[in-house]
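Dear colleague,

Please find the structure below, handed over for your records. My notes on its ring contacts follow.

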Amino acid sequence: MKTKRLTLRPLNHRDAPRIAVLAGDWAVASMTARIPYPYSETHSRQWISGLEPNEFVCGVEFEGDLIGATGYFPHDDGSVEIGYWIGQPWWGRGFATEAARLLVRYCFTNRGMTRLVCCHFIDNAGSQRVIEKLGFIATGTCKAYCEARQCDVATVRYELRRPLMARFWRRAA
C-alpha cells in the first residue's frame, strides 16, 4: 500500500534491529501499550515471530527507510482496533496520520470492516491529534496497561464507523 510519501509493507526479521532502535526509544515505548522498555532486538524478533494470524501489521517506510509500524487486530465484539507508532525523528511531519489514514481506508474498502476502535494514553497529545484528524469520535475513558511504564495509564477510547459511501472509495493498493 502506498501514499505519495509512504509505503506500508509486511515486516520481516531484517527489520528487527531498526524496530528495536525506533520502538526502544522511551518517548515511543512509553506511549504504547505493548512495547516494553528497554526494548531489544530480541524483543523485536519475538514480536515479529509472535504476531497472531488475525493480526495485520505493516512497516511504515519513508524514502526506503523503516520509520514505524501500523496495523490492526480484531476484538471478540466485532470491532477492529488499529494502532501505530512512528520513530521520534519523524514526529511532527504528518507520517502517523498519513499511515493510519491509509490503514483506515484499507480496513473499510478492502477488508469490509464496519467499526474501528483505537485509543491513546491521556498524556499523548500527538496521538490524540492523529485520531481526531482521522474522524474518530471519543467514546469514553478507561485505564490500560503500559508495558514500558509497568502500570495502568488513563486512556481515551475512540470509535469510527464505516461511512456509507466507503464501498465507492477507490480501492487502496
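**Ring contacts**

The charged end of Arg 34 sits over the ring of Phe 73, at 5.7 Å from the ring centre (the criterion is NZ of Lys or CZ of Arg within 6 Å of the ring centre and within 35 degrees of the ring normal). This is a predicted model, in which local features need pLDDT of at least 70 and side-chain atom pairs count only at pLDDT 80 or more, while totals for chains, interfaces and linings use all residues. Residues are numbered from 1 along each chain as its sequence is written, and side-chain values use heavy atoms, with hydrogens and water left out.

Searching the whole structure gives four aromatic pairs. Rings of Phe, Tyr and Trp (its six-membered ring) pair if their centres lie within 6.5 Å; planes under 30 degrees apart are stacked, over 60 edge-to-face, and the rest tilted.

The pair of Trp 26 and Tyr 37 is edge-to-face, because the ring centres are 4.9 Å apart and the planes stand at 75°. Trp 26 belongs to helix α2 (residues 26-29) and Tyr 37 to the loop between α2 and α3 (41-49), so this pair ties together parts 11 residues apart in sequence. Helices (H or I, at least four residues) and strands (E, at least two) are DSSP runs, numbered from the N terminus.

Trp 26 is partly exposed, at 39% relative accessibility, and Tyr 37 is partly exposed at 40%. Buried means under 20% relative accessible area, exposed over 50%, and partly exposed in between (1.4 Å probe, protein chains only).

Phe 56 and Tyr 106 are stacked, with 5.1 Å centre to centre and 15° between the planes. Tyr 106 is buried, at 14% relative accessible area. Ring pairs also link Phe 56, Tyr 72 and Tyr 106 into a cluster.

Yours sincerely
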